[in-house]
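Visitor: Please show me the model, and then let us go through it by question and answer.

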Amino acid sequence: MQLTLNEQQTLLQQSAASLFREKAKVGRIRALRDTHDPIGFSRELWTDMAQLGWVGLCLPEAYEGLGLGLSDLCIVLEEAGRQLAPEPWLSTVLLGAQSLMLGGDEAQKARWLPSIARGEALLALAYEEPGNRVELGRVSTSAVRTGAGVRLNGEKLQVFDGHVADALLVLARVDAGHSLFIVEREHPGVSIQRQTRLDGRNAAIVRFHDVELGPDALVGRDGHGRALELLSHVLDRATVGVCAEMLGGATQAFDDTLDYLKTRKQFDVTIGSFQALSHRAARLYIELALARSAVAAAASCADEGTPEELAKLASLAKARCSDAFVQVANEAVQMHGGIGVTDDFHIGFYFKRARAADVLFGDATHHLRRWAALSGY
Amino acid sequence: MSELESFQREIRDFVEREAPEALRGTRQGRFDGHWGGRKAQPSRDVQHWFEVALERGLTAPTWPRAYGGAGLSAEQARIFDRELARLKLPPPLVGVGLTMIGPTLLDYGTEAQRAEHLPRIVRGEVRWCQGYSEPSAGSDLAALRTRAVREGEHYVVNGQKVWTSFADKSDWIFALVRTDSKVKKQLGITFLLIDMATAGVSTRPIELISGASPFCETFFEDVRVPVGNVVGEVNAGWTVAKALLGYERSMIGEAMSGDIADAERELVARARVVCESSGGPLPDDAVRLAIARVAMQERCFAFTIERLRQSAIAGKPPGSESSILKVVASELKQARWEQAVKVAGPDALGWEGPGFDARDLHATREWLRSRANTIEGGTSEVQLNIIAKHVLGLGA
């Protein structure tokens with residue numbers, strides 16, 4: 001199990017770090033929010049990153065990807081996470097493209113994946129509903145059989161990048177269980193309303209009213225009615241990617257706090273010289289080191305391990321990143337003192353993202369329970 | 001086949017062929033194995049395993065062949081470790097001679113010191129202990145007062161050490177002594193090797209709250225030590241001492257990972273008995289979460305050790321992250337036994353004798369013993385100071 005970066009990965013890490021630092025500093029999400037930017041991220045930056053091969057990094061070469069692994073993508077995601085970049089990594093790459101890769105048929109892959117890799121098409125996964133929290137199976141949206149196709153009715157919430165996605169992957173209840181359908185945004189009966197979240201991630205409410213779909217809309221043809229299995233594997237992989245982002249965010253918030261502890265003076269000394277603060281900083285450093293190991297192990301497993309092993313390690317990584325990020329962000333605000341609670345200063349964005357990312361795909365407690373269940377107790 | 005693969009095949013053949021059946025599957029913690037020394041009483045199997053390993057230098061796998069080691073690279077040594085772990089075999093030789101004073105002499109000793117001491121460690125002839133702490137010098141180690149005064153070709157040592165692990169079973173002690181009391185306290189310390197058979201050395205065990213102890217007090221009364229036993233320069237012992245503490249911390253951290261590997265399985269098994277549960281989710285959600293938390297911490301710790309090893313093998317400078325190992329390992333061990341005692345409830349209140357399960361009695365003693373883990377070898381607070389100052393650059 002490879003837990004450190006090789007030479008090629010170190011180069012990737014360096015170029016990703018400099019690109020996000022130069023073109024996508026964290027303060028960008030304040031401007032996007034205050035100007036009510038209709039897209040909420042930079043299409044131009046997305047295209048640039050696609051041209052560098054990053055968007056299609058772990059898509060097969062046959063679909064214009066680079067054919068690398070999730071562990072390679074995690075390197076870019078960690079750097080994106082350092083600047084809380086709102087580009088559609090989660091919606092389009094981790095959820096959308098991965099769902100099609102693992103469940104789509106040849107026609108669906110050929111239709112969407114090359115265009116995603118080029119930075120053109122955007123996808124969104126519509127799975128969350130009012131009240132279903134982290135229980136994937138509690139789905140009210142229904143797909144009723146109509147001859148060869150289905151009729152879709154229901155409402156999805158907080159669909160990441162639903163406001164700009166060219167197509168939506170929709171989880172719906174069917175006779176045999178659950179299925180996943182791909183629906184283009186212009187399809188009659190689809191209505192989309194943008195939502196504003198606290199953490200700079202873009203989302204929308206998506207409603208389906210008597211949406212008539214043909215048989216080619218079904219994703220995962222062979223496993224009809226068994227979309228939860230597919231999605232659970234997709235979510236494990238996406239969780240690892242989100243963990244890399246969280247690790248980046250937590251590390252940046254910690255680095256910024258460390259700088260502050262070394263420069264801010266009170267009582268004629270730098271505040272980092274006080275044990276009341278320095279020991280807490282050391283504790284955060286420990287938490288981050290452990291979280292980094294968990295993310296590296298999960299990413300490596302996503303490329304080389306079985307889905308069963310990945311399920312456990314994804315839960316391990318998420319539980320640790322949730323705890324570490326929230327803890328670092330809480331302390332970052334506290335240690336910055338007054339400036340930490342102002343909107344002018346950026347540390348608050350990490351605080352908000354930490355809380356939002358904690359809830360995403362289940363918080364630490366959820367993943368402790370899942371770990372126990374997967375371990376047989 | 002690459003060189004490493006053929007090495008792996010060779011070492012696997014050796015272990016499969018030579019390791020005594022009775023030792024396989026027996027390794028539980030870091031105290032299992034041959035400790036060496038004149039007072040050692042190893043079982044026949046432990047002795048046999050030691051001897052076959054010795055023939056190949058594998059009692060000190062990474063030490064140079066010139067001193068009786070096997071001269072293995074870090075990668076090769078890891079393969080050997082893995083083969084041992086695979087069969088749950090104790091290493092052929094354990095102890096601070098191997099993990100602490102040996103590496104120190106390799107880095108700071110004279111050729112004469114290496115030639116005298118290293119082969120005797122490799123051959124299990126000498127067991128070492130560490131004389132650092134004193135009654136008035138704990139976390140503030142440099143405040144030590146044991147004095148060494150030069151008289152001709154000897155130093156005459158007077159004073160007392162405390163918390164000397166296994167001093168009563170050891171043959172030699174490496175000690176920090178004060179050779180100058182007029183300068184800043186760190187600058188008047190010398191690192192000295194002392195034969196414990198010398199007249200004037202005596203030891204006395206200390207009983208801990210767990211009822212047992214590896215610890216002793218060690219007394220020096222006009223002990224004459226040849227000047228050739230100084231490691232490094234006179235009055236420059238603090239540098240040597242700090243380097244050795246680095247080996248000690250990584251040793252404690254890594255060694256503990258073996259102690260806690262089975263924690264999850266054992267805790268679940270005990271909880272099932274207490275909750276009268278035969279399978280499926282444990283009915284007590286709080287217990288279930290607590291066990292999962294310990295298990296996750298254990299996995300994160302094991303992955304961290306593996307990650308640091310990989311970066312060391314890749315030739316990256318020794319990571320500052322290794323400074324976290326001791327504090328994490330010791331707290332993890334406490335968390336594990338804390339949980340064992342919680343799960344057992346009133347059954348964990350036994351000290352000895354009838355009416356208590358042997359496993360619960362064991363857990364209770366381990367729980368009591370584990371309180372020392374965050375104190376010995378540098379308290380957690382001292383570890384945090386080191387991380388804050390030397391890794392994070394936070395200081396006055």
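Visitor: Which residues touch the most other members of the largest nonpolar core?
Guide: This is a predicted model, in which local features need pLDDT of at least 70, side-chain atom pairs count only at pLDDT 80 or more, and totals for chains, interfaces and linings use all residues. Residues are numbered from 1 along each chain as its sequence is written, while chains are lettered from A and ligands numbered from 1 in the order in which they are written. A nonpolar core is a set of buried Ala, Val, Leu, Ile, Met, Phe, Trp, Tyr and Cys residues joined through C-beta atoms within 7 Å, buried meaning that 20 or more other C-beta atoms, placed from the backbone, lie within 10 Å of a residue's own. In the largest one, of 169 residues, the members touching the most others are Val170(A), Phe181(A), Val295(A) and Ala298(A).

Visitor: Which helix gives the most to this core?
Guide: Helices are DSSP runs of H or I with at least four residues, numbered from the N terminus. With 18 residues, the top contributor to this core is H8(A).

Visitor: Which residues does Val295(A) touch, not counting those up to four places away in sequence?
Guide: Contact requires C-beta atoms, placed from the backbone, within 7 Å. With that sequence exclusion, the partners of Val295(A) are Cys74(A), Cys243(A), Ala244(A), Leu247(A), Ala317(A) and Cys321(A).

Visitor: How many residues of chain B are in contact with chain A?
Guide: On the chain A side, 31 residues take part. Their partners in chain B number 33.

Visitor: Which element gives the largest share of the side of chain A that touches chain B?
Guide: Helices H7 (227–263), H8 (275–304), H9 (307–336) and H11 (364–374) of chain A each give two or more residues to that side. The largest share, twelve residues, comes from H8(A).

Visitor: Why is H7(A) described as largely enclosed by the rest of the structure?
Guide: H7(A) is largely enclosed because its buried residues number 26 of the 37.

Visitor: What is the radius of gyration of chain B?
Guide: The globule rule, 2.2 Å times the number of residues to the power 0.38, is compared with a radius taken over C-alpha atoms. For 396 residues a compact globule would have a value near 21 Å, and chain B agrees with 22 Å.

Visitor: What share of the residues of chain B count as buried?
Guide: Chain B has 396 residues. The buried share is 41%.

Notes
Two residues are in contact if their C-beta atoms, placed from the backbone, lie within 7 Å. A residue is buried if 20 or more other C-beta atoms lie within 10 Å of its own, exposed if 12 or fewer, and partly exposed in between; C-beta atoms are placed from the backbone.
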